[in-house]
Amino acid sequence: VEYLNMLQNHAFGQYGDLLKALTRNPSMGSYLDNGQNRRTQLNENYGRELMQLFSVGLVQLNLIGTPKRDASGKLLETYSQKDVIEITRALTGWNYAEPNVNRKSANNSNYGKPMEASWKDQHDTNAKTVLGKIIPAGQDAYQDLHSVVEIVVTHPNTAPFVSLRLIQGLTTSDPSPAYLERVATVFRDTKGNLAKVVTAILMDPEARAADVPGKAT
């Protein structure tokens with residue numbers, strides 16, 4: 001229930017705030033293992049999926065959604081295994097809120113509250129480099145999370161990657177490149193203001209074509 005509440009509460013806010021809430025959500029912490037991610041024992045699962053599924057995707061994209069290629073025609077990858085390790089290091093130290101040995105087994109991980117950075121000795125405070133951006137040394141887990149989210153939300157891939165999936169969920173599975181570019185531009189220019197992005201999706205001429213009498217869709 002709290003996972004669905006989290007999605008609903010952030011549905012029309014900034015995409016970065018949604019990613020921060022997602023990262024600290026205990027259900028996600030259990031599902032993709034970031035609740036087990038420690039400085040002394042890294043768990044790459046969530047850090048990898050944060051990039052692959054929730055932000056930049058696997059291959060570099062133009063704003064219209066077409067993939068970028070090198071001179072030989074090979075697709076350009078968005079991130080490397082090194083980026084996975086670095087973002088995982090930045091996301092270490094999170095634990096479930098209010099650990100309590102007497103908690104009922106059905107809620108032993110406290111699924112009702114966001115995770116906290118209570119494993120202070122298990123957060124990696126050294127400098128990291130994620131997607132070419134430096135996260136400075138000496139930051140705590142909250143500051144590193146803010147840095148990670150800022151990096152992925154402002155990455156040029158995130159606007160077309162996320163916008164395409166929102167369009168596919170709201171209007172059409174196969175938007176034109178121009179439609180995607182218009183929506184992705186709103187995402188980029190507002191740093192992912194979802195209220196404005198959703199409005200752009202629903203009010204776009206391509207989405208409203210059926211409103212014109214006699215016009216084929």
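**Aromatic pairs, core and helix packing**

Tyr 15 and Phe 187 are both buried, a term for a relative accessible area under 20%, with exposed meaning over 50% and partly exposed in between (1.4 Å probe, protein chains only). The model is predicted, so local features need pLDDT of at least 70 and side-chain atom pairs count only at pLDDT 80 or more, while totals for chains, interfaces and linings use all residues. Residues are numbered from 1 along each chain as its sequence is written, and side-chain values use heavy atoms, leaving out hydrogens and water.

**Aromatic rings**

- There are 2 aromatic pairs in the structure (ring centres of Phe, Tyr or Trp, the last by its six-membered ring, within 6.5 Å; planes under 30 degrees apart are stacked, over 60 edge-to-face, the rest tilted).
- The pair of Tyr 15 and Phe 187 is edge-to-face, because the ring centres are 5.7 Å apart and the planes stand at 65°.
- Tyr 15 belongs to helix 2 (residues 15-24) and Phe 187 to helix 8 (residues 177-189), so this pair ties together parts 172 residues apart in sequence (helices are DSSP runs of H or I with at least four residues, strands runs of E with at least two, numbered from the N terminus).
- Trp 94 and Tyr 142 also form an edge-to-face pair, with ring centres 4.9 Å apart and planes at 80°.
- Trp 94 lies in the loop between helix 5 (81-90) and strand 1 (128-130), and Tyr 142 in helix 6 (residues 141-154), so the pair ties together parts 48 residues apart in sequence.
- Trp 94 counts as buried at 0% relative accessibility, whereas Tyr 142 is partly exposed at 38%.

- Leaving aside neighbours within four places in sequence, Phe 54 is in contact with residues including Tyr 15, Leu 19, Tyr 46 and Val 162 (contact: heavy atoms within 4.5 Å).

**Helix packing**

- Helix 4 and helix 5 pack at about 115° with their axes 8 Å apart (axes are lines fitted to C-alpha atoms, for helices over the stretch in contact, and angles run from 0 to 180 degrees between N-to-C directions).
- Where these helices meet, Gly 47, Arg 48, Leu 50 and Met 51 of helix 4 face Gln 81, Asp 83, Val 84, Ile 87 and Thr 88 of helix 5.
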